[in-house]
Amino acid sequence: MARKAQENPALDMTPMIDVVFELIIFFVVTLTEAQRKDETIILEDGRHGEALTPENLPPTHMQIDISAKGRISMGDRTIDPAEVKRRVAEKYKKIGEFPVLIRADFQTAHRDVAKVMNACTEAGIWKISFMAVGEDKTNERATNKNENFNRWRKWRGK
Amino acid sequence: MAKKPQENPALDMTPMIDVVFELIIFFVVTIKQEDLFSRLNVNRPAPATSSSASDSSDDITVTIEIGRRYDNNPGGVIVYNKKALGGPIGSTADARRELDRNLKDIAKTSTKTPIIVKCAEDSPHKALVDVLDICYKNKLFSVSVFTL
């Protein structure tokens, strides 16, 4: 580090670069985390459900997304019920019982939800949780900004 | 930092404060608050078995059926103990209130009462979540979901 020239103090870049790297790592990690879901899904309100926090959801859980049109996905990768069964069975064999969390759109037909639930029961998981909105913080529906809201409003107003 | 004593030994904080402010602004602008989610747990009967498994117990069970969607009622029809809730055309808000009243009475007797929810294949998922939410509101947690 060039600390000799005190009269003309050169800016020490080290801490700034540290901070910038920290930032880059933070965003890379959070962005990849956030990408892993089906963005089209609008959840129904379920204010009385058990709050879903990282503390009460074991890291071993499995989340399965089902869109309004019945697209089943995990980590935003489309899969079919047979694949769900295979993955659940494989995990069940390895670690025993684990929570399955279904994140289904409010408009999803029960038929499609049942397909996933049946795949889970066939693989040995009987307890299934549905994800709902406990507390609407983003208030996305009220802002009327995105097409998701328009879909919700159209359906609601029918 | 142990620099040699100078005329002005105080550390120049300006760039650091600049960076910190930049950071604060960045986070305030970019971080969008996430919804808080909740979970509603249910039991699922084996796909092959009919409702015979539930009939084997002599306890009182409550059956809630969610019918298919029709145009006047996008939320699906809720049938509680063979009676459609919220009138024949049934606004879903009325049906939900009525179900809430009924389940409150059930919960007074015992919150361990098993609830069976039977969903029509083309009922919307929203209806199921609504019914589960009302069950949870009344502390009725042993819910099983069947598919009609």
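**Entry 1: a leucine in chain B**

I started with Leu132(B), which lies in helix H4 of chain B. The model I am reading is a predicted one, so I keep that in mind throughout.

Is Leu132(B) buried or exposed? I found 28 C-beta neighbours inside 10 Å, so Leu132(B) counts as buried; the cut-off is 20 or more.

Next I asked what Leu132(B) touches, leaving aside neighbours within four places in sequence. From chain B I noted Leu40(B), Val42(B) and Val143(B). From chain A I noted Gly46(A) and Phe130(A). I also checked the spacing to Val143(B): the two residues are 11 apart along the chain, and their C-alpha atoms are separated by 7.8 Å.

**Entry 2: the contact between the chains**

Chain A puts 44 residues into the contact and chain B puts in 38. On the chain B side, helix H1 (14–30), strand E1 (36–43) and helix H4 (125–137) each supply at least two residues. Which element of chain B gives the most? My friend H4(B) does, with nine residues. Sorted by class, the chain B side has 17 nonpolar, 13 charged and eight polar residues.

I then followed E1(B) across to chain A. Strand E1 of chain A, residues 50–52, runs antiparallel to E1(B), and three bridges join them. In one pairing, Glu50(A) has Arg39(B) as its bridge partner.

**Entry 3: chain B as a whole**

I stepped back to take in chain B. I listed four helices and six strands, in the order α-β-α-β-β-β-α-β-α-β along the sequence. Chain B has 148 residues, of which 28% count as buried. Among its contacts with a separation of 6 or more, 68% are between residues 24 or more positions apart.

**Entry 4: the nonpolar core**

Where does Leu132(B) come up again? I met it in the largest nonpolar core, which has 48 residues. Leu132(B), Val131(B), Ile102(A) and Val116(A) have the most contacts inside this core. H4(B) provides the largest share, eight residues. A general point for my notes: in soluble globular proteins, nonpolar side chains tend to be buried together.

Beyond its neighbours within four places in sequence, Ile102(A) is in contact with Ile64(A), Ile66(A), Val113(A), Val116(A), Ile128(A), Ser129(A), Phe130(A) and Met131(A).

**Entry 5: strand E5 of chain A**

Why is E5(A), residues 100–104, largely enclosed by the rest of the structure? Four of its five residues are buried, so that answers it.

Strand E2 of chain A, residues 62–66, pairs with E5(A) in the parallel sense over five bridges, and Asp65(A) has Arg103(A) as its bridge partner. Strand E6 of chain A, residues 127–135, also runs parallel to E5(A), with three bridges. There, Leu101(A) stands opposite Ser129(A).

**Entry 6: two helices of chain A**

Last, I checked H2(A), residues 81–95, against H3(A), residues 110–122. Their axes come within 8 Å and cross at roughly 35°, and the crossing is right-handed. H2(A) makes the contact through Pro81(A), Val84(A), Lys85(A) and Val88(A). H3(A) answers with Lys115(A), Val116(A), Ala119(A), Cys120(A) and Glu122(A). By class I noted six nonpolar, three charged and no polar residues.

Note on methods: Residues numbered from 1 in each chain as written. Chains lettered and ligands numbered in written order. Predicted model: local features only at pLDDT ≥ 70, side-chain atom pairs only at ≥ 80, totals over all residues. Contact = placed C-beta atoms within 7 Å. Nonpolar A, V, L, I, M, F, W, Y, C, P; charged D, E, K, R; others polar. Pairing = 2+ DSSP bridges. Buried ≥ 20, exposed ≤ 12 C-beta atoms within 10 Å, placed from the backbone. Axes fitted to C-alpha atoms, helices over the stretch in contact; angles between N-to-C directions. Left-handed = near helix turned anticlockwise from the far one by under 90°. Core = buried A, V, L, I, M, F, W, Y, C linked by C-beta atoms within 7 Å.
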